[in-house]
Amino acid sequence: MGTPVIRLMVPSRLEYRDLAIRMVASACKLVPGSRGKFSIEVISAFGEALNNVVLHGYAPRTGDIEIEVELGDDRLTIRLMDYGKSLDLAAVPTPDLESLPESGLGVFIMRSFMDDVSYHAGAPNVLSMTKYFQPKTRENA
Amino acid sequence: MRFSRTDSSDQTVLRIEGVLDALTAPEVRPTIEALVAEQRRTIVVDVSSLRLIDSSGVGVIVSLAKRCRPFGGVVRVSGLKDQPLAIFKLLRLDRVFGS
């Protein structure tokens with residue numbers, strides 16, 4: 001049997017945020033031995049990624065967002081695919097937390113809570129985020 | 001998301017329950033505007049029943065705190081736990097808001 005992949009397609013509207021997060025949360029429960037921290041960090045990162053696509057990728061129009069959650073032997077990978085405006089992820093600066101920013105925190109949350117975050121602009125744009133079940137696994141990868 | 005405002009003397013408790021995110025944060029904005037306009041001196045944001053927060057939700061609370069500073073208003077966040085606590089710790093806000 002291959003690596004399990006769970007898929008969901010939602011319209012790029014914030015009203016579908018809860019539904020998409022519930023899917024990712026359910027997938028996290030399938031991770032062997034996962035505790036709350038793993039799920040909390042994945043859900044937080046995913047929510048920000050979804051916001052970015054809805055608010056910056058597609059708005060003011062709407063489109064489809066395809067979400068894939070892949071459960072590997074030692075890692076969980078989430079992919080968001082969309083046909084909206086591309087994001088220059090590398091150009092997003094790290095926020096100055098001491099200045100108490102009110103915005104621009106989404107990508108920082110994604111990068112902080114996930115082990116790998118990558119982005120390929122195109123049709124579709126593909127944002128890929130991976131979190132290893134054990135931090136040690138990443139060091140040895 | 002549900003929220004309520006309770007005033008007693010100089011203090012206001014703003015209790016937010018459920019999910020404070022990009023979808024729901026705009027619902028709280030008018031109350032934030034009112035608190036600032038009234039120059040409430042002490043505001044406690046009770047998030048003990050908040051299940052999920054995102055950067056938009058954080059932005060609302062940070063905005064409130066920054067806008068209260070010029071007139072000496074203080075914003076404190078109480079009841080942080082689980083996912084909201086993880087976000088506040090990551091953004092180093094748990095210390096700023098005295099939780």
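Two strands pair if DSSP finds at least two bridges between them. The close-ups below show a predicted model.

**View 1. Strands S2 and S3 of chain B, side by side.** Strand S2(B) covers residues 11–20, and five bridges tie this strand to S3(B). The two strands run parallel. Look for Val13(B): the bridge partner of this residue in S3(B) is Val44(B). Between the strands, the chain passes through helix H1(B), residues 25–37. This β-α-β crossover from S2(B) to S3(B) is right-handed.

**View 2. The two faces of strand S3 of chain B.** S3(B) spans residues 42–46. In a regular strand, side chains alternate between the two faces of the sheet. Ile43(B) and Val45(B) make up the covered face. Thr42(B), Val44(B) and Asp46(B) lie on the uncovered one. Val44(B) is also the bridge partner of Val13(B).

**View 3. Strand S3 of chain B with strand S5.** S5(B) holds residues 74–78 and pairs with S3(B). Five bridges link them, in the parallel sense. Thr42(B), from the uncovered face of S3(B), has Val74(B) as bridge partner in S5(B).

**View 4. Where chain B meets chain A.** Here 19 residues of chain B are in contact with 20 residues of chain A. Helices H2(B), residues 55–68, and H3(B), residues 82–90, each supply at least two residues to the side of chain B that touches chain A. H2(B) gives the most, with seven residues. By type, this side of chain B has nine nonpolar, five polar and five charged residues.

Note on methods: Residues numbered from 1 in each chain as written. Chains lettered and ligands numbered in written order. Predicted model: local features only at pLDDT ≥ 70, side-chain atom pairs only at ≥ 80, totals over all residues. Contact = placed C-beta atoms within 7 Å. Helix = DSSP H or I, 4+ residues; strand = E, 2+ residues; numbered from the N terminus. Nonpolar A, V, L, I, M, F, W, Y, C, P; charged D, E, K, R; others polar. Buried ≥ 20, exposed ≤ 12 C-beta atoms within 10 Å, placed from the backbone. Right-handed = clockwise from strand over helix to strand, strands pointing away.
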